[in-house]
Amino acid sequence: VPARYELHYWPGIPGRGEFVRLALEEAGVHYVDVARGPQAEATLLRAQQQASQPPFAPPFLRIGARVIGQTANILLFLGERHGLAPKSEPGRLWTHQLQLTIADLVGEVHDSHHPIAGSLYYEDQKREAKRRTEHLIAERLPKYLRYFESVLGADRRRARWLVGGRLTYADLSLFQVVAGLDYAFPTAFARLKRNTPLVVALADRVAGRPRIAAYLASPRRQPFNVHGIFRHYPELDV
Ligand SMILES: N[C@@H](CCC(=O)N[C@@H](CS)C(=O)NCC(=O)O)C(=O)O
């Protein structure tokens, strides 16, 4: 019997755990979402402490005695095991590279509402968050979006998916970024995404995948909220 997958992440938010959930759902594999069960935080901390290769922070995936951390690293692992990435080395690295770029984007979105310290409340860094978010919306998001738009537009075969002719975990993650930005910055992102129709079409295509559509309609999918990475503060959405 193959060891079961246990996804460990903080309860109450989709957060970075959601990038892993989407891959597990698209792969159609059974997994235990520890965050949705009882004693989630205690279970996570115990698994983190007991790991012989301990992850710095969640999300991490436990498979028997193995513990794999870092979102992009977990996806590299799942991509290879479940056909969510090319088999060739150049293809695998290119998918991983795209995922790491998404991780950078996600980090910048997080820092827009927590520019000074993650340990402080948003309310204690509102002025800095406002300045930071102005730059995120005016400069950084357009640059990232233009980049993914150009990757998708580079040849006709790629216009469907980021990597070659097949869906990869990077497409699932880009969908999650689009969903998160729709939630966090409904006004600003509605304007920005007019310039990136291929990115928008890709997100729609992901949402329409049978397993993803079923997941999104299920109680397993958690809504965005103001405790996660993508947060909606109306005063920042300009
Ligand atoms: N680069 C890591 C970042 C992990 C991370 O920042 N996790 C957050 C939750 S989304 C956390 O718990 N961080 C605790 C900390 O940084 O002290 C990844 O992509 O997995």
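**Ligand shell, backbone features and helix packing**

By class, the shell around the ligand comprises 6 nonpolar, 2 polar and 1 charged residues (Ala, Val, Leu, Ile, Met, Phe, Trp, Tyr, Cys and Pro count as nonpolar, Asp, Glu, Lys and Arg as charged, and the others, Gly among them, as polar). The model is predicted: local features need pLDDT of at least 70 and side-chain atom pairs count only at pLDDT 80 or more, while totals for chains, interfaces and linings use all residues. Residues are numbered from 1 along each chain as its sequence is written, and side-chain values use heavy atoms, with hydrogens and water left out.

Surrounding the ligand are Tyr-9, Trp-10, Arg-16, Phe-56, Ala-57, Pro-58, Pro-59, Gln-70 and Thr-71 (a residue is near a molecule if one of its heavy atoms lies within 4 Å of it). The side chain of Trp-10 has an N or O atom 2.7 Å from an oxygen atom of the ligand. A nitrogen atom of the ligand is 2.8 Å from a polar backbone atom of Pro-58, and a nitrogen atom of the ligand is 2.7 Å from an N or O atom in the side chain of Gln-70. The protein buries 64% of the 500 Å² that the ligand exposes when taken alone (accessible areas come from the Shrake-Rupley method with a 1.4 Å probe).

Pro-58 is joined to Pro-59 by a cis peptide bond, with omega near 10 degrees. Pro-59 lies in the loop between helix 2 (40-50) and strand 3 (60-63) (helices, H or I of at least four residues, and strands, E of at least two, are DSSP runs numbered from the N terminus). Gln-39, in the loop between strand 2 (31-33) and helix 2, has a positive phi, near 55 degrees. Most residues other than glycine have a negative phi, and most peptide bonds are trans.

Helix 1 (residues 17-27) packs with helix 6 (residues 169-184) at an angle of about 130 degrees, their axes being 9 Å apart (axes are lines fitted to C-alpha atoms over the stretch in contact, and angles run from 0 to 180 degrees between N-to-C directions). Helix 1 and helix 6 are therefore oblique to each other. For helix 4 (residues 89-113) and helix 6, the angle is about 20 degrees and the axes are 9 Å apart. Helix 4 is therefore roughly parallel to helix 6 (angles under 35 degrees count as roughly parallel, over 145 as roughly antiparallel, 65 to 115 as roughly perpendicular and the rest as oblique).

Definitions and conventions: A polar contact is a pair of N or O atoms within 3.5 Å; within protein, one must be able to donate a hydrogen and the other to accept it, and residues adjacent in sequence count only if both atoms are side-chain atoms.
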